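Student: I am new to this structure and would like to go through it slowly. Could we look at it together, one question at a time?

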Amino acid sequence: MFRFIHTSDLHLDSPLKALRKRNADMADSVGIATRAAFERIVEKAIEARVDALLISGDLYDGTTRDISTGIFLADCVRRLSQADVHTVIILGNHDAQSVVKPPFPTTDLLTVFPAKPATLRFDDAEVAIHGASFRDRQVPDDMTDRYPAPAEGWTNIGMLHTSLGGFSGHDAYAPTTPDRLAGRGYDYWALGHVHKHQIVTEQAAGRPWIIYPGIPQGRDMGETGMGRAILGTVTEPNRIEIEAFEVSPILLERVPVDLSEARSFSDIEEAVPSMAAAIVDAAASDHAIIRPVLSVPSHLIPAVQSRQDALWDLLQTNVQALAGGTAVEKIDCVPAEGPVVAGPTIDAGTLTELLALVQADAASDPDLLAGLKKDFDGLFSKLPRDLRDDERIRTPVTGETAADLPAWLDSVTAGAAAALGADAPEPSDRDM
Ligand SMILES: [Mn+2]
């Protein structure tokens, strides 16, 4: 019976800029947690006596080539090898072949797939694992065409780092679709890249498992919730049973707190003990970083904002008195009556029409197009540095990925139209 663990997007030792700006201690503990999450996965692999540990890209974050990260990985690979677990890696956009990163050790039980799709065969179990690595940070082609045909009569697993963002040329991260994946005739697609845990399709007649395990340890409030990895068991040829297990040492979570009945700031202060209890309840984990989101009457928002630090201190001491491992990241507050809109309102439909007009005009007017790009770049340069450095924001706004302006305009207007349709994905969905 062949067993495997599927994980991805460890982003070991990533620099955690956003969190560090707010709180260096929290950033340090989350930094350690990216390694601790991987150690939990390694321990599970050894304890469950799996045959292979599959890592579907972005094991390394790519922003550092600190050798301590490579030594940590080598230590994990040694422990896995000693337990006869084969570590199987594909490289994603963050740790692509061309990205400087710590080296991988050469050992019998470590396979790092090349950029050209290849197959690793487990003869006794009759299991074939197919995979390919990113050569560069961007792969605009659908790579699945070049994946090997399934080994006949065997159980076939494909490893792929992809945004699943449609067809070739549609986006920069090995775009493909669930239908095209299903068409390859494999039994399980071990995907990476999307940080949210997601079972895209379940195994059924003619359909494989298609799974994003998600990021094992979230790194900021764009990556909340408990991280998971997948334990898969080949129960009979072509038949795989799965089980998700929890791996985040630190849980990141937003907790809504209803203070709509508050009449004054002192009512909010008086509510701190019950707020603290709600936060500790929601943490439901030995170690958690929580951002409470207070919904308060809008006239109290300025008071909460101006006394945010004092409120935060009070809340932290109350939380600490109840649970040692829970930290309050910061306090957000939102108006209880719904968003306050100043001035005349324009509905999303009007803006969508306006957007379509601009897009149509600009398509035939190179000067207008160039002007729009200049305006965008001007706005972009006013963003805080950590946002400018964030690939998730920089790439769509500055159009670094699309050399020609019309393609850039299409992607920007598509993003804006999606946002107006209130259908904008969470940042972590689009991530990396
Ligand atoms: Mn990625």
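This is a predicted model: local features need pLDDT of at least 70, side-chain atom pairs count only at pLDDT 80 or more; totals for chains, interfaces and linings use all residues.

Student: How many helices and strands does the chain have?
Tutor: Helices (H or I, at least four residues) and strands (E, at least two) are taken as DSSP runs and numbered from the N terminus. Counted in this way, the chain has 14 helices and 16 strands.

Student: What percentage of the residues of the chain count as buried?
Tutor: A residue is buried if 20 or more other C-beta atoms lie within 10 Å of its own, exposed if 12 or fewer, and partly exposed in between, with C-beta atoms placed from the backbone. Of the 432 residues of the chain, the share that counts as buried is 37%.

Student: Among contacts between residues at least 6 apart in sequence, what percentage join residues at least 24 apart?
Tutor: Two residues are in contact if their C-beta atoms, placed from the backbone, lie within 7 Å. Among the contacts in the chain that link residues at least 6 apart in sequence, those joining residues at least 24 apart make up 70%.

Student: How far apart are the end C-alpha atoms of helix α8?
Tutor: The expected span of a helix is 1.5 Å times one less than its number of residues. Helix α8 has 15 residues (308–322) and should therefore span 21 Å, and this agrees with the distance between its end C-alpha atoms, which is 21 Å.

Student: Which residues of α8 are buried, and why do they line one face of the helix?
Tutor: An α-helix has 3.6 residues a turn, so residues three or four places apart point the same way. In α8 the residues L311, L315 and V319 are buried.

Student: What covers the buried residues of α8?
Tutor: The face turned away from the buried side of α8 carries the exposed residues D309, A310, D313, T317 and A321. The cover over the buried residues includes α6 (272–283), α7 (301–306) and β15 (326–328).

Student: Are α6 and α8 roughly parallel or oblique to each other?
Tutor: Axes are lines fitted to C-alpha atoms, for helices over the stretch in contact, and angles run from 0 to 180 degrees between N-to-C directions. The axes of α6 and α8 come within 9 Å and cross at roughly 55 degrees. Angles under 35 degrees count as roughly parallel, over 145 as roughly antiparallel, 65 to 115 as roughly perpendicular and the rest as oblique, and α6 and α8 are therefore oblique.

Student: How are α2 and α3 oriented?
Tutor: Helix α2 (residues 24–47) and helix α3 (residues 67–82) have axes 10 Å apart and pack at an angle of about 10 degrees. That makes their orientation roughly parallel. Where they meet, R35, F38, V42, A45 and I46 in α2 face partners in α3 that are F72, C76, R79 and L80.

Student: Is Y60 buried or exposed?
Tutor: Y60 lies in the loop between β2 (52–56) and α3. Leaving aside neighbours within four places in sequence, Y60 is in contact with L12, T69, H94, D95, K101 and P102. With 28 other C-beta atoms within 10 Å, Y60 is buried.

Student: What is the C-alpha to C-alpha distance between L109 and S81?
Tutor: L109 is found in the loop between β3 (86–90) and β4 (110–112), and with 17 C-beta neighbours inside 10 Å it counts as partly exposed. Residues L109 and S81 are 28 residues apart in sequence, yet their C-alpha atoms are separated in space by 5.9 Å.

Student: What is the phi of L164?
Tutor: L164 lies in the loop between β7 (155–161) and α4 (178–183), and its 22 C-beta neighbours inside 10 Å make it count as buried. L164 is a residue other than glycine with a positive phi, near 55 degrees.

Conventions:
Residues are numbered from 1 along each chain as its sequence is written.
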